[in-house]
Amino acid sequence: MSASVYSSHVPAIGAAIDHGKTAEPYWAPMFAGFEPSKAWMKTHRPDVVFLVYNDHATNFDLSVIPTFAIGTAAEFEPADEGYGARPVPKVIGHPELASHIAQSVIQQGFDLTLVNELKVDHGLTVPMNLMFGTPAEWPVRVIPFHVNVVQYPVPSGARCFALGQAIRRAIESFDQPLNVQIWGTGGMSHQLQGPRAGLINRKWDNAFLDRLIADPQDLSAMPHIDYVREAGSEGIELVMWLIARGAMADAGGGRSPRVAHRFYHVPASNTAVGHLILENQA
Ligand code: DHB
Ligand code: FE
């Protein structure tokens, strides 16, 4: 595990890319915040991204909602989210590593759902664009990892952090020396419906970033109600960032990570965009 990346996955960002609006005044400052990330990625390109995201009732409709699900397929098509599939490349998986992680993590006590056929939505494809731009083929393999943050009950921050620790152990015990990054997506503060629709909480979001960097174990004890109250009903997506953070070296007793990039921007659609890149130190 070399590094972790954290990013919002707002669908309107994908629409701005697909419709050539990234240079418009509304969007330009948001995309500018990811220019250092794309430059960083040129010198830190992994073999595989373990990409933690949530399906938004796209692949899993409300009839079946796994809490934690790992994509074990060889490839994953972008889903039609209502306006046709996004014009992005299909996502190439890593079935061998995914199977190994499933074996290891399940034996460590996390009962993952295995997903051998999966269509991926904006939760996965928007962060890919933010980090890689719009290439003809994605330059890395991706293991999609879905977390239910759509219908209650959702997993606790503590469970997500511990799962990240188990994922790190799984990746480190794989018998090929792959460079793997883990990404956590979603957030930051946003509420899409009800009387509080449009809620943004800059102060809370930035404190979340501070705590995620400095003391994620303590942050992981924060109860759901705090996310919902402070960051809005969809702010609960941020528990997924704790999976990525739990997979960093210091969560297993190693050195604290280096902050390679930090960015925060409002607005993007109805959402606060947060972004971090953390590197493990040798
Ligand atoms: C929106 C949807 C999301 O899944 C998200 O993470 C942020 C914003 C939206 O519909 O605006
Ligand atoms: Fe989302």
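## Ground rules

This is a predicted model, where local features need pLDDT of at least 70, side-chain atom pairs count only at pLDDT 80 or more, and totals for chains, interfaces and linings use all residues. Residues are numbered from 1 along each chain as its sequence is written, while chains are lettered from A and ligands numbered from 1 in the order in which they are written.

## The chain as a whole

The protein chain has ten helices and ten strands, taken as DSSP runs numbered from the N terminus (helices H or I, at least four residues; strands E, at least two). Its C-alpha atoms fill a box of roughly 50 × 40 × 40 Å along the principal axes.

Of the 282 residues, 46% are buried (20 or more other C-beta atoms within 10 Å of a residue's own, with C-beta atoms placed from the backbone). As for contacts (C-beta atoms, placed from the backbone, within 7 Å), 82% of those between residues at least 6 apart in sequence join residues at least 24 apart.

## Where α1 meets α5

The axes of α1 (residues 11–18) and α5 (residues 122–132) come within 9 Å and cross at roughly 55 degrees. Axes here are lines fitted to C-alpha atoms over the stretch in contact, with angles from 0 to 180 degrees between N-to-C directions. On the α1 side, P11, I13, G14 and I17 make the contact, and on the α5 side H122, T125, V126 and N129.

Technical notes. A residue is buried if 20 or more other C-beta atoms lie within 10 Å of its own, exposed if 12 or fewer, and partly exposed in between; C-beta atoms are placed from the backbone. Two residues are in contact if their C-beta atoms, placed from the backbone, lie within 7 Å.
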